[in-house]
Amino acid sequence: MITLFDNTARWNLPDHRRHGFHNIHTTMLYSMSLRAPRVLPLRKEIDWTIGERPGVARFLGMPHFSAFVVVRDDRVLYEAYAPDFGPEKPHAIMSITKTTLNLMLGRAVADGLVDLDERVGAYLPEIGTGYAEATVKAVADMNVVNDFSEDYSDPYTSSFDMDVAGGWRLPAEGQKDETARSFLCGVTGDDLVNRSGEALYKSANSDVIGWIIERASGRPLRDWLIEIVEAAGIEGCFHMTCDREGVPAVSGGACLTARDLARYGLLFARKGEGIDGRRVGDAAFIEETRRNPGPSLAKPLDWFHYSRQTYTDGTWFGHSGYGGQYMLANPDTGTVVVYLGVLENKAASDPEFGAALMKMTADLVAEK
């Protein structure tokens, strides 16, 4: 977690990033692991033609590829793994973690604990000017202007400071040692209204939503996550990094195997229905997420929208993760597609690559 070049932690430098993403659950300063008492069984019904499609084969042949799984209902239609990875290994899913907040927020709204049109400051009086006057809905939809930045081409982006607060890197000499929530309170802003017409992606927003849910419900986020893990029927461990106070990094701290990420995605395909009749989230909220989306993303991702901590094109739900992970789920077909990878360019980001991969996965989840 030491910083070497370009103000970047060693594990996140291109030469070390693949090992870092495959081992984040054992590398970060603080973490928790959650398991389910009952596993959702998956059975193989392999359709080899999926892997023969040029679009699929292209992405499975890239050097950054780790894992790929296609699941429909309880059937594995296709799966593939890189030589240095495998079905039993957990992988960082980064911002795909944010989708857990859609389930939590949906339940909190349905139970009357959270009002999407209320000011953030009404729930978190201690929050700073970067969020106090924004509505919960605007924060959940990535529709807020403030001074937090998430430009990974900038070695001094605010996101790297948030990494220090969350235990993802060691503080520089003389840097204040703070927690995730003290960091959020320090985010500043003036006019918070987004007039750009595009989503302004900020991972800090997600941690604010998690804090609101915890405060409004009186229940720790750990308990909310346990319910999700148990409903999904995770087979291995749901690893979640946290800060020194034990606050889960719901903005991007989860690590899962590819199959377990697919099991989790099935919660969205089934609108919150899990194993043994367990339900998480709220079916009406999940449906509203895709039918009443927030702002569109910037080009070349402008063909879908950001809505309540998920991406959606009006049909599927999903999210990408920093560095090259993707999960899409379609309730109309019961299909989930998972792609795990680790980009090794300087910014760990490639919008053109992401747009092409999203289209490939969107086509797959649309098929019945």
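Predicted model: local features only at pLDDT ≥ 70, side-chain atom pairs only at ≥ 80, totals over all residues.
**K202**
- K202 sits in the loop between helix 9 (180-185) and helix 10 (203-217).
- The side chain of K202 does reach a backbone atom, the oxygen of F148, at 2.5 Å.
- Not counting residues up to four places away in sequence, K202 touches M142, V144, N146, F148 and E150.

- Strand 14 (residues 335-341) is largely enclosed by the rest of the structure, because 7 of its 7 residues are buried.
- In a regular strand, side chains alternate between the two faces of the sheet.
- In strand 14 both faces are covered: T335, V337, Y339 and G341 are buried on one side, and V336, V338 and L340 are buried on the other.
- Strand 5 (residues 65-72) runs antiparallel to strand 14 and is joined to it by 7 bridges; in this pairing R72 stands opposite T335.
- Strand 13 (residues 325-330) is also antiparallel to strand 14, with 5 bridges between them; here N330 stands opposite T335.
- Strands 13 and 14 form a hairpin with 4 residues between them. In the turn, G334 has a positive phi of about 70 degrees.

- Nonpolar side chains tend to be buried together in soluble globular proteins.
- The largest nonpolar core has 108 residues, of which F68, M104, L105, L261, V338 and Y339 touch the most other members.
- Apart from this core lies another, of 12 residues, among them A9, I24, M94 and V342.
- Y339 of strand 14 has contacts that include F59, L60, H64, F65, A67 and F68, leaving aside neighbours within four places in sequence.
- Further contacts of Y339 are G324, Q325, Y326, F353 and L357.

**T289**
- T289 lies in helix 13 (residues 283-291).
- The relative accessible area of T289 is 0%, so this residue is buried.
- Leaving aside neighbours within four places in sequence, T289 is in contact with N102, S307, R308, T310, T312 and F317.
- T289 and D141 are 148 residues apart along the chain, and their C-alpha atoms are separated by 9.8 Å.

Conventions: Residues numbered from 1 in each chain as written. Heavy atoms only, no water. Helix = DSSP H or I, 4+ residues; strand = E, 2+ residues; numbered from the N terminus. Polar contact = N/O pair within 3.5 Å; in protein donor to acceptor, adjacent residues only side chain to side chain. Contact = heavy atoms within 4.5 Å. Buried < 20%, exposed > 50% of the residue type's maximum accessible area, 1.4 Å probe, protein only. Pairing = 2+ DSSP bridges. Core = buried A, V, L, I, M, F, W, Y, C linked by side-chain atoms within 4.5 Å.
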